[in-house]
Amino acid sequence: MGNSAVSRDRAGQFPFLDSLPFGAQPPLSAPPHFPPPMPNSQPPNPAAFALLQPAGLTSEGSDQSAPQSPLQDPSDLHQLLQSNGSGDAEDQLAGRHSAAPATDPDESPSTTRVVRDSTGRALAIIHVQRAPSNEPLFKSDATPDGLRTGAKYAQINNAVTGNPVIDRTTDMLLAVLQQSIIAMGSGSGPLFGTRVHVDFAKRVKQLDLPGIGQKGVEQGFRLNLVDFVRYGMDGSIRTDVTLRDPKDPYQRSIAVYDLKTGNAVLKPGRVKEILDNVNTPGLLVIELQHRTGDAIDRTRSAPPR
Amino acid sequence: MTMSGKALKLIQRSFSDLHLCRDMLVVPPTDHIIRCFCFERTPYKGLFYFWRVVLPLYTQWPVITLRYSERLAKGNYVDLSESELEQSIEDLVRIISGGELDDLRAVRGPQEFLDRFGGASVGEGFTPMISPFDAALTYYLVGNIPFCLDLLDDFASEDLRPGRVDVHLSARDLARAMRIDPSAGEKRIKALEEINIERFALGPTVSSHKAH
């Protein structure tokens with residue numbers, strides 16, 4: 001557990017090395033170790049994080065006349081999840097990056113996917129930024145979910161992390177977001193974004209999802225504090241949704257979802273802020289970005305420079 | 001006066017035995033456990049969360065943390081804007097008197113705190129939902145010094161992490177001191193509680209034996 005924290009502080013910012021008890025070896029002397037590449041890994045792409053979102057936009061080709069989402073009925077949350085996947089397709093803009101090279105501590109694996117409807121129109125963008133860590137993702141010793149004969153599984157197939165709990169939650173949250181967008185109608189700008197956030201938060205709380213419940217929505221964290229805190233405390237941050245491992249007896253956070261609307265994107269600075277404050281090894285920061293027609297059009301209709 | 005402060009005052013009218021301590025409506029008496037209701041701001045003007053808070057008085061954190069707390073009103077926003085205030089207060093009073101206050105009153109001391117949050121393995125010294133330092137001091141207060149020392153040792157031997165070094169070192173020092181003189185635990189708890197009574201303005205709510 002501590003190795004990951006140490007690797008994050010490799011830049012010499014660990015202030016208490018000299019006071020390690022009992023003459024313990026400073027853990028920084030351990031060689032850096034990164035998780036093995038995930039299946040289908042591709043070579044690391046340092047520019048991926050900055051370029052993925054624009055790439056997603058320019059490759060869309062959707063316009064206002066594009067058919068609407070198949071989810072016309074906001075009351076049917078499960079429609080999206082229970083589709084067999086033939087309707088929704090995904091683009092993997094950047095495949096799962098292999099582990100960052102040891103010479104570049106700032107780089108961490110990331111994955112981005114565009115979820116499309118049956119017409120090819122972009123519905124959402126999921127961006128996963130993995131916390132730099134040499135720890136395995138999950139500390140729980142519980143058996144991870146596996147496929148079981150006779151069970152029914154959501155077929156949206158947006159799996160981007162390899163953890164069924166996270167991927168299933170991501171699918172659920174995307175479906176909730178879809179409902180929010182439909183309920184909000186079309187719009188753009190910061191006020192629209194606020195309305196979507198409020199509506200999204202309400203819906204997620206109502207669902208009382210495993211690992212999120214009601215406390216996991218709009219939760220405040222502050223660096224140096226193990227526990228979470230009230231919003232507005234000096235130096236604290238607030239996450240849109242925090243997922244804790246429901247099988248972990250310690251209920252540690254395993255993913256933080258950051259909702260973005262319109263053309264807002266999750267910036268590296270914000271990712272760092274979340275990782276620092278939540279301060280859990282192996283944490284994933286997942287950007288949920290829903291694309292409405294208006295939002296895309298706003299970009300496309302921007303005056304040429 | 002802030003929106004939330006005004007709302008707490010209005011709620012207090014219906015529960016005369018509760019004390020308003022800064023931004024918390026505290027259930028007396030405060031012995032070793034703080035029990036209160038409070039609002040939490042949100043990024044949205046006029047909208048708040050309403051919390052039922054439980055926290056050991058011997059917490060080492062200088063702020064109210066929410067690990068042992070619950071959002072009330074099913075986690076929904078509470079609208080405290082002028083037009084909705086009256087209705088919201090009515091709803092909250094109903095929620096508090098509908099069992100939440102009794103629920104808080106039931107968590108009066110360290111043993112009740114352990115029973116409530118310790119989990120199934122509390123009898124074996126394994127309390128994953130309670131932070132290690134809180135759990136150690138709670139075990140101390142219920143007279144289980146071996147579990148207290150185990151927890152402090154385990155915590156102190158965890159790898160150091162940014163921002164938590166002081167707490168780790170403090171746990172290590174406390175364990176050492178307690179091995180020499182077990183009353184060191186009591187001294188530490190007393191010191192922390194005195195600081196927190198002042199910090200959170202809990203003076204009027206502390207139980208009489210503690211006040212003396």
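How many of the six residues of strand 4 (residues 217–222) of chain A are buried? This report on a predicted model starts with that strand.

## A covered strand in chain A

Strand 4 of chain A is mostly covered. Of its six residues, six are buried.

Its pairing comes next. Strand 4 of chain A pairs with strand 5 of chain A, which spans residues 236–244. The two run in the antiparallel sense, with five bridges between them. One bridge can be named: Phe221(A) has Ile237(A), in strand 5 of chain A, as its bridge partner.

## The make-up of chain B

Chain B has 212 residues. Of these, 43% count as buried. Its secondary structure consists of eight helices and six strands.

The order along the sequence is α-β-β-β-β-β-β-α-α-α-α-α-α-α.

Now the contacts in chain B. Take those with a separation of 6 or more: 48% of them join residues 24 or more positions apart.

## The largest nonpolar core

The largest nonpolar core holds 100 residues. Within it, Val53(B) and Leu152(B) touch the most other members. Chain A takes part too: helix 4 (residues 164–184) of chain A gives this core its largest share, nine residues.

Neighbours within four places in sequence are left aside here.

Definitions and conventions
Residues numbered from 1 in each chain as written. Chains lettered and ligands numbered in written order. Predicted model: local features only at pLDDT ≥ 70, side-chain atom pairs only at ≥ 80, totals over all residues. Core = buried A, V, L, I, M, F, W, Y, C linked by C-beta atoms within 7 Å. Buried ≥ 20, exposed ≤ 12 C-beta atoms within 10 Å, placed from the backbone. Helix = DSSP H or I, 4+ residues; strand = E, 2+ residues; numbered from the N terminus. Contact = placed C-beta atoms within 7 Å. Pairing = 2+ DSSP bridges.
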